[in-house]
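Q: Could you go through this model with me, starting from the overall build and then moving to the local details?

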Amino acid sequence: MRVVFKTSYDSDIDLHEHGADRLRTALLLGLMAILPFLVGDYYLAEATNTLIWALAGMGLMIAVGHTGQVSLGHAAFLAIGAYTDAALMNAGLPFYLALPAAGLAAGLFGALIAIPAVRMSGIYLAIATLAVFVIVEELVIMLEPITGGVGGIMAPSITLFGVSFDRYAALTNFYWLVLGIVALVTWGYANLMRSPTGRSFLAVRDSEVSARALGINVTRTRALAFGLSSGVTGLAGALMGHFIGFFNYELFSVIISINLLLVVTIGGLGSIQGAFLGAILITGMPQLIAILRDGVNANFGIDLGGIPGLDTMVFSMILIGFIIFEPAGLYGRWRKIRVWLETFPLARRDMFRRHKTYLKTERMK
Amino acid sequence: MSLLEVNDLAVHFGGVKAVDGVSFSVESGEVFAIIGPNGAGKSTIFNLISRIYEPTRGSIRFDGRDITGLKAHDIAKLGIARTFQNIELFDHSTVLDNLLMGRHTHRSTSFVEDILFLPKVRREERDHRRHVEEVIEFLELEAYRNKMIAGLPYGVRKVVEIGRALSIGPKLILLDEPASGLSVEETREVAFWIEDMRRDMGLTVLMVEHDMSLVNQVSDRVLAVANGRPLALGSPADVQAHPDVKAAYLGTEAA
């Protein structure tokens, strides 16, 4: 087990606790950067899709994982991001202006609806956000001149400084673009969580009454968290639009909202890493099931493809299994494995038993 | 002029008069205790001062300023810190982070600066940390610095909550039953800390407490309340000898 001797407060403030940690992040980023040379176009497109989902997952994680606000309407912010970006680019704006504008539009809209909505919590907030989603969906259909209505809209091809970042013509470039944006947002998110703003999010999540007693404006903090959350999701929506190419309102269904909620829950609530692990699982699982099914067909001659809904059922059962057996999510499981490895052979079964909460009161809330 | 002046304070929940016409003033540098039987309205008075409840009538003045119209989150900025009877810590954070959350009123960075983590943010973080380390040293919490609250024993959580209140850097600290659920040794430690807060930090302490040995040991003046109404105000010995106080705790003898 590594023991880190801290010699200054900076070692607690820095993003990485020690050099090996820093090296690990650098290696991971390096590996992600050279991925186009290692895998074919099919897997590169899958990786791009996973990164976009991780970005959307990070957006939702800010609200659900770090501020305790459950949202069932985040597909609405994906939609706002995608349509704003596409509409602005169709109007002639370059991508480097349209993308931030898409994030800003989604973020401002999120903060705006958050001001009345954040007074609610738990299931009531979830229902309110679901209602917002329905309104946005209807608006998308009604605003036909901008959004293309039911017919849909084309996300223009991205060209930056004469270089094409088109999703089909230059997939490698598009992948790097997405990777860069995701890395940047991850860095900002990690910064946020080590700063006073991030701590105020956690404070609001864990105890509203003492957050107030410490001088934290709970309503403003929640609105800020929800705004940031929908802004990041809006960025993901814009990229999703470019990835799909041509889309209409059906791309952003309520199923997408639920899948996003699964990303953060199965990934591990309250951790940035969880958003990535959850995204890998959610985007990778259907592919994995399809590969396994084809394998069974080829090797044993059993055609499982003929059974309707089998993929969805297996997928759902895996998700249910996760929620029952690993509520801390994939990242929580990974932390346990890491401690087990670090302390080998001294790990005990009950090292991770759930801690009791003492005398928790709901009285003053 | 007194640091805290409470004048004819009352709060009614429907027909229940939880607090009904309580007046007292706390002098700067004083340890002032509020005692009374269960349901007397002691914690309600605290919740009125920290603006969680809206008073039906009366006023609260702090440092010469009327705070009755302020919001709950404006109170800490004035220099009033508090603890809760049933520990309200941030369970899924470390002791260090809990204490750092107490520095919220001293932050000057915006969320955009935080996201970019500008050098200014780092400078402020170091500064917060220095203040928090002083509190950690004062309360001897070094061993728990990086421990999650959820895994800590009850006695330590009580101390962390006092620490979080001290991290605000307050003028007045409201302690809601600091000794409840603590062992005799732990209670004695709390008594020493309260004395140190007053002597070394120049703090004014207002506390609600049931443990009479603690009240006798540290407090200058005591206010006894029952059924939301004040019974007696004076030195600990005088208040305990007061016939109304005895009657409230033990009941009156049958005539």
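What follows is a conversation about a predicted model.

Q: How many helices and strands does chain A have?
A: Chain A of this predicted model contains 16 helices and 4 strands. Its radius of gyration is 22 Å, close to the 21 Å that the globule rule gives for 365 residues, so chain A is as compact as a globular protein of that length.

Q: And what box do its C-alpha atoms fill?
A: Taken along the principal axes, the box filled by the C-alpha atoms of chain A is roughly 55 × 55 × 45 Å. Buried residues account for 41% of the 365 residues in the chain, and of the contacts between residues at least 6 apart in sequence, 73% join residues at least 24 apart.

Q: Let's look at α4(A): what end-to-end distance should it have, and what does it have?
A: Helix α4 of chain A covers residues 41-67, and at 1.5 Å a residue its 27 residues should span 39 Å; the C-alpha atoms at its ends are 38 Å apart, which agrees.

Q: How many of its residues are buried, and what comes after the helix?
A: In α4(A), 20 of the 27 residues are buried, so the helix is largely enclosed by the rest of the structure. A:Gly68 follows α4(A) and has a positive phi, near 75°.

Q: Which non-glycine residue in chain A has a positive phi of about 50°?
A: That is A:Phe161, which is not a glycine and yet has a positive phi of about 50°. For background, most residues other than glycine have a negative phi. A:Phe161 sits in the loop between β2 (159-160) and β3 (163-164) of chain A.

Q: Is that one buried or exposed?
A: A:Phe161 is exposed, since 6 other C-beta atoms lie within 10 Å, and a residue counts as exposed at 12 or fewer.

Q: Switching to chain B, what does it contain?
A: Chain B has 10 helices and 10 strands. The radius of gyration of chain B is 19 Å, close to the 18 Å given by the globule rule for 255 residues, so chain B is as compact as a globular protein of that length. Along the principal axes its C-alpha trace spans about 75 × 40 × 35 Å, and 46% of the 255 residues count as buried.

Q: What is the strand order in the open sheet of 4 strands?
A: The order is β2-β1-β4-β5 in chain B, and the pairing is antiparallel. The edges are taken by β2 (16-26) and β5 (65-66), each of which has a single partner strand, so one side of each is left without a neighbour in the sheet. Strands β1 (residues 4-13) and β4 (residues 57-62) of chain B pair over 5 bridges in the antiparallel sense, and B:Asn7 has B:Ser59 in β4(B) as its bridge partner.

Q: Which helix lies across β1, β2 and β4?
A: Helix α1 (residues 42-49) of chain B lies across those strands, and it runs at about 70° to β2(B).

Q: What about the hairpin of β9(B) and β10(B), which residue there takes a positive phi?
A: The hairpin has 2 residues between its strands, and B:Asn227 takes a positive phi near 50°. Strands β9 (residues 221-226) and β10 (residues 229-234) of chain B are joined by 5 bridges in the antiparallel sense, with B:Val225 having B:Pro230 as its bridge partner in β10(B).

Q: How many residues are in contact between the chains?
A: There are 39 residues of chain B in contact with 31 residues of chain A. On the side of chain B that touches chain A, α2 (75-78), α3, α4 (111-116) and α5 (119-138) of chain B each supply at least two residues, and the largest share, 5 residues, comes from α5(B).

Q: Which residues does B:His73 contact?
A: Leaving aside its neighbours within four places in sequence, B:His73 is in contact with A:Arg212, A:Gly215, A:Ile216, A:Asn217 and A:Val218. B:His73 lies in the loop between β5 and α2 of chain B.

Q: And why is B:His73 classed as buried?
A: B:His73 is buried because 22 other C-beta atoms lie within 10 Å, where the threshold is 20 or more.

Technical notes:
Residues are numbered from 1 along each chain as its sequence is written. Chains are lettered from A and ligands numbered from 1 in the order in which they are written. This is a predicted model: local features need pLDDT of at least 70, side-chain atom pairs count only at pLDDT 80 or more; totals for chains, interfaces and linings use all residues. The expected span of a helix is 1.5 Å times one less than its number of residues. The radius of gyration is taken over C-alpha atoms; the globule rule is 2.2 Å times the number of residues to the power 0.38. Two residues are in contact if their C-beta atoms, placed from the backbone, lie within 7 Å. Two strands pair if DSSP finds at least two bridges between them. Axes are lines fitted to C-alpha atoms, for helices over the stretch in contact, and angles run from 0 to 180 degrees between N-to-C directions.
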